[in-house]
Structures are given as C-alpha cells and as structure tokens.
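The following exercises concern the fold of a protein chain. Please work through each task before reading its solution.

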Amino acid sequence: MKKIIHRAKDRGYADHGWLKSWHTFSFANYYNPDQIHFGALRVLNDDFIKGGMGFGSHPHDNMEIVTIMLDGAMEHRDNTGRQKVIGPNDVQIMSAGTGIVHSEFNASKTADANLLQIWVFPKLRNVKPRYDQQTFDPATRENALQVVVSPEQATGKLWLNQDAWFSLGKFDTGKNITLTPKTPGTGSYLFLISGEVKVDDEILQTRDAIGLSDYDNVNVEVLKAAEFLIIDVPMI
C-alpha cells in the first residue's frame, strides 16, 4: 500500500480579504512540487467567501469541477444564461469541456459561505460543456457513505467525465468503516471536514487528508464524531 498524508497546517493559503482559501494541491501562487495532484485529482480548495463577494466571470476548459457547499450559499451564473443558487447540501458538477465562462458570488450580503471546489482531470477532452446540480439528504449519510458523484450517466444522478466517485459520510464516535478501491488502479483520497479519525494507524484531525493507493482494504476508525469526503480516482 502507498499512502500520502496532507496536514491542514501544511496547505497553501491565500488571503484576499473577501476570500480566504486553503489549497491542498498547488494552485495559483501556491506551488509545492510534492503536492501537484493525487492521480486524477488536481485541485481541492477550501474557500471562505465574505457576504456579497465572489468570483467574477472567468473561463475554464477541459476540467471536471465539483463544488460542495459546506455552509451558506453561492449564486452561479454562466455564459449559457444559467442562473442557480448552490445551497446547503447541494453539489454542483461543471464539465468544462471545450470551454465555459461563469461567475460565483455569495448569495448572502452579510453571511460568509464555505465551499470545497475540486478539480478532476477529464477522461475525454473537448466534450460539450455541461452543468448539473443536486440536493442530497444529509440523513442518508448518517453513519453511512453517500455517493454524490459517480461516472454513471443515469437520471437523477450527478456524473462526471471520469471514472471517479465522490462520497460524503458523517459518523459517530466509535464507528468503523472499511475502505476498498472502487476499481483496480483506483486510489482513495479522504479529506476530513471535521472530527478525528485513525486511518492505517495515522491520526487525522479536522481538514487533514490521506491518499491511499495500491491497497486492498483499509480500516477507518472514528475517534471523534467526524464528517469526511472520500474521492476515488484513477491513479493516472
């Protein structure tokens, strides 16, 4: 088994006043040659946006971008005329493909918003751009893993242009979960949103992460009530 630990305190950090952003992987002005990507997982940004502020119109192409709201809400607009609010328990997938232009602003004028923005390398390049969004019942991830994004193109499911899965879980103290690879050659990246867990004898605390590859199964022991995101991706 191969593993890599990414501690919260070692992440890149950018303070723009209206935006405070922690970068697990190299991004913008933060560069760490040891943290470029984990397989097909390229970006994991932990963003806090002040009320009334946000990201003006900007382009993307050939990247699968997943937004997971942790607190507050963001208003999304794009060059197709789409306008949506991404709220609590919402997940948005944006398949940039041949190119898109969009903006994201805090939907509140006063309250801060917190989101995870995650980029995954696409399986196929230059596809037609696509957006999708879904609200997930948080009760479904109580002491269970709730798959919120997968490669499966089915009605009522969020899917992305890669053999990757995103799962959210919220577990009580003392619970144990066994992680297994989704498919051969797939690695698992666990990002701890809150709490404390032990993974293969490694203690993780809030906003720490661990990447696992070339493994058969690994036990996750919840030491303190925990909420986490697991991203399973090809180890390209």
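The exercises below treat a predicted model and proceed from the whole chain to its sheets and then to one residue.

**Exercise 1. Overall dimensions**

Task: Determine whether the radius of gyration of the protein agrees with that of a compact globule, and describe the extent, burial and surface of the chain.

Solution. 
1. For 236 residues, a compact globule would have a radius of gyration near 18 Å. The protein has 17 Å, which agrees with this expectation.
2. The C-alpha trace spans about 45 × 40 × 40 Å along its principal axes.
3. Residues are counted as buried when their relative accessible area is under 20%; by this criterion, buried residues make up 51% of the 236.

**Exercise 2. Secondary structure and contact range**

Task: State how many helices and strands the protein has, and what share of the contacts between residues at least 6 apart in sequence joins residues at least 24 apart.

Solution. 
1. The count is zero helices and 19 strands.
2. Of the contacts between residues at least 6 apart in sequence, 73% join residues at least 24 apart.

**Exercise 3. The four-stranded sheet**

Task: Carry out the corresponding analysis for the open sheet of four strands.

Solution. 
1. The strands follow the order S5-S10-S7-S8, and their pairing is antiparallel.
2. Strand S5 (54–60) and strand S8 (83–86) each have a single partner strand, so one side of each is left without a neighbour in the sheet.
3. Direction ignored, neighbouring strands are turned by 20° against each other on average.
4. Strand S7 (residues 74–78) and strand S10 (residues 100–106) run antiparallel and are joined by five bridges. In this pairing, Asp 78 stands opposite His 102 in S10.

**Exercise 4. The partners of strand S19**

Task: Describe how S14, S15 and S16 pair with S19, giving a residue pair for each.

Solution. 
1. Strand S14 (residues 165–171) pairs with strand S19 (residues 218–234) in the antiparallel sense over seven bridges; Trp 165 stands opposite Asp 232.
2. Strand S15 (residues 176–179) is also antiparallel to S19, over four bridges, and Thr 178 stands opposite Asn 219.
3. Strand S16 (residues 186–199) runs antiparallel to S19 and is joined to it by twelve bridges; here Glu 196 has Lys 224 as its bridge partner.

**Exercise 5. The surroundings of Asn 106**

Task: Is Asn 106 buried or exposed, and which backbone atoms does its side chain reach?

Solution. 
1. Asn 106 belongs to strand S10.
2. Its relative accessibility is 6%, so Asn 106 counts as buried.
3. A polar atom of the Asn 106 side chain lies 3.0 Å from the backbone oxygen of Ile 49.
4. The side chain of Asn 106 also reaches the backbone nitrogen of Ser 108 at 2.8 Å.
5. Leaving aside residues up to four places away in sequence, Asn 106 touches several residues, among them Ile 49, Lys 50, Gly 51, Met 74 and Asp 112.

Definitions and conventions. Residues are numbered from 1 along each chain as its sequence is written. This is a predicted model: local features need pLDDT of at least 70, side-chain atom pairs count only at pLDDT 80 or more; totals for chains, interfaces and linings use all residues. Side-chain values use heavy atoms; hydrogens and water are left out. Two strands pair if DSSP finds at least two bridges between them. Helices (H or I, at least four residues) and strands (E, at least two) are DSSP runs, numbered from the N terminus. Axes are lines fitted to C-alpha atoms, for helices over the stretch in contact, and angles run from 0 to 180 degrees between N-to-C directions. The radius of gyration is taken over C-alpha atoms; the globule rule is 2.2 Å times the number of residues to the power 0.38. Buried means under 20% relative accessible area, exposed over 50%, partly exposed in between (1.4 Å probe, protein chains only). Contact means heavy atoms within 4.5 Å. Accessible areas come from the Shrake-Rupley method with a 1.4 Å probe; for residues, only the protein chains shown count as cover. A polar contact is a pair of N or O atoms within 3.5 Å; within protein, one must be able to donate a hydrogen and the other to accept it, and residues adjacent in sequence count only if both atoms are side-chain atoms.
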